[in-house]
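Try each task before reading its solution.

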Amino acid sequence: MSVTLGELLKAAADEVREAVRHLPSAPTGAHAHILRHLVAQLRLYPTEYARDPGALPGPAGLVRTAMSPALSRLHHELGSAERRLDTLPFEHPSEATDPAAQHLAAAGQLLTASRDVLRSHRGPGGRPLTPYAVLLAEPGVQRYVCSRLGDVAREAARYADTLARRSPITPERARFADVRNELDRATLTGHSALLASDRHFGTLPLAAPPGAEDRGDLLDGTDRLTRHIFRVSQGADALSSSDLQQISRYLYQGHLLAGRVLRHLATEQDTGPAADLQLAADKLRTSAMAWQRAAKSWHRVVDLGDPREHPPLDRTQRTAIREGRMPALPRTRPHPATLEARALVLQVGQLLYGPSWSPEYGVRQKPRPVSEIIRNGGGPGRLWTALHGIATASRHLATAIPGCISRLANRLASDDPDFIPRNRTTKKLRWRPLTAAHRDRLAKTQAPTERASEAAAAHLVTAARATGTDIPRAHLEELLRTRQIPAPPSSRAADRLDALLKEYRAYARPKATYADPVFPPPPSPAL
């Protein structure tokens, strides 16, 4: 399982506790020197954490109001402890031979790693890269991090207290006691945020770097797909109608294959857990059917900017293209989310049927043994998290599709006669721009995918718990679902199109005829 924020912070507190146990009876200046480095790591944590959420979407003002006093006190108290440690004589620690120095250095490295977990979800300037980064602007999430820093400060205070009791020099004992008092205050400040903290944020995983292309790992594939979808939802990237149709088709296949994995796993479970796995498989199949209907809704639509997916051309058009009288439709490169969705289907299928399976030419084969599937999936925890990630990535896409349709409004055309009006100028044209009614029908067809994906994810969590496995990522998804993620920025092109349509409707409004004149009111008689 990928390392999480809570595991790293807990491990850092445990390492400081072990350093206290291994302190020698006559400590040297090296032990004070390495404690200073640990306190410096703690001091940098609230400074960075208080600054970054200002660049995130969400209630940043609320965060600053709720957490700025606590973060400021924590930074001041840790800085005071660091300055007092600077007045002590120090020696360079010998970590190779001193167990206490080794444990304290490991604690500092774990704190750095936990900060890297937070940074991995944010880009330059604090820009969110994953949906979980939006949670950093929540007061409860910041209270959780402050409370865990209080745990590390509490163990550091015990370390300073041990140095104060074992130091042979009286002035040094007094200074170590002052350091302990400052760290005790920092502990109280951190633990004061424990009451209203979101402890489930400790399951935040390390996000894969943007350039990571490890296609062999199913869980990393779902994370990459979620990242691309989040970029689309925030307006940083755009999906064409061809991409939406292909991704919907791949998600249909992915949900079906994930359901078959669950049915195969149920063959080696008892009656109760097997029933839960069968129910989760049914929900995945329901979600697959919803995504199949969503893919079919794009069959009569073509994207003028990316016509990779389009209705079949008639014989006259095919002949004209073959004879060179009409240019062939351009072949554009698929969006990275499309490539990730296809890779996801390939990974699930090969996990179930073996490396020879492919989504285009694969046929139903005999599934692998259950033990082999679990082993190749990275163990029960990682396998269940990956299957849950397919449903959650689908839910994120379902919430982003309405915004995609509105941004594509000025480049979509269709030949559907039920929604495209015909008149004298367009009756001989096969392709005409989409009407508002057609766009509304597209949006309504996509709407069931969100509910179906959400239900599949919930039943996957229930089925995993029935088999004795927890999905920590589900807690983060629950936090995301209960919080309002900011809407993506509107498309300027779509806004201009709407303005032009309003102007056209105002101009085309029926005017008063000569037979029914409209006269201004008569002037009032002069007195």
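**Exercise 1. Find which residues lie nearest the centre of the largest cavity.**

Solution. Start with the lining: 20 residues line the largest cavity, and Tyr132, Thr222, Asp223, Thr226 and Arg473 lie nearest its centre. Here a cavity is a set of points on a 1 Å grid over the protein atoms alone where a 1.4 Å probe fits but cannot get out, and lining residues have an atom within 4 Å of a point. Next, look at the elements: helix H7 (218–233), H13 and helix H15 (473–481) each give two or more residues to this lining, and H7 gives the most, with six. Helices are DSSP runs (H or I, at least four residues), numbered from the N terminus.

This is a predicted model, in which local features need pLDDT of at least 70 and side-chain atom pairs count only at pLDDT 80 or more, while totals for chains, interfaces and linings use all residues. Residues are numbered from 1 along each chain as its sequence is written, and side-chain values use heavy atoms, with hydrogens and water left out.

**Exercise 2. Work out where arginine 84 and glutamate 182 lie, and what their salt bridge ties together.**

Solution. First, the contact: their side chains meet in a salt bridge at 3.9 Å, N to O (a side-chain nitrogen of Lys or Arg within 4 Å of a carboxyl oxygen of Asp or Glu). Then the location: arginine 84 is in helix H3 (residues 60–86) and glutamate 182 in helix H6 (residues 170–191), so the pair ties together parts 98 residues apart in sequence. Finally, glutamate 182 is buried at 10% relative accessibility, whereas arginine 84 is partly exposed at 32% (buried is under 20% relative accessible area, exposed over 50%, partly exposed in between; 1.4 Å probe, protein chains only).

Terms used
On a 1 Å grid over the protein atoms alone, a cavity is a set of points where a 1.4 Å probe fits but cannot get out, and a pocket is an open set with protein on both sides within 12 Å along at least five of seven lines; lining residues have an atom within 4 Å of a point.
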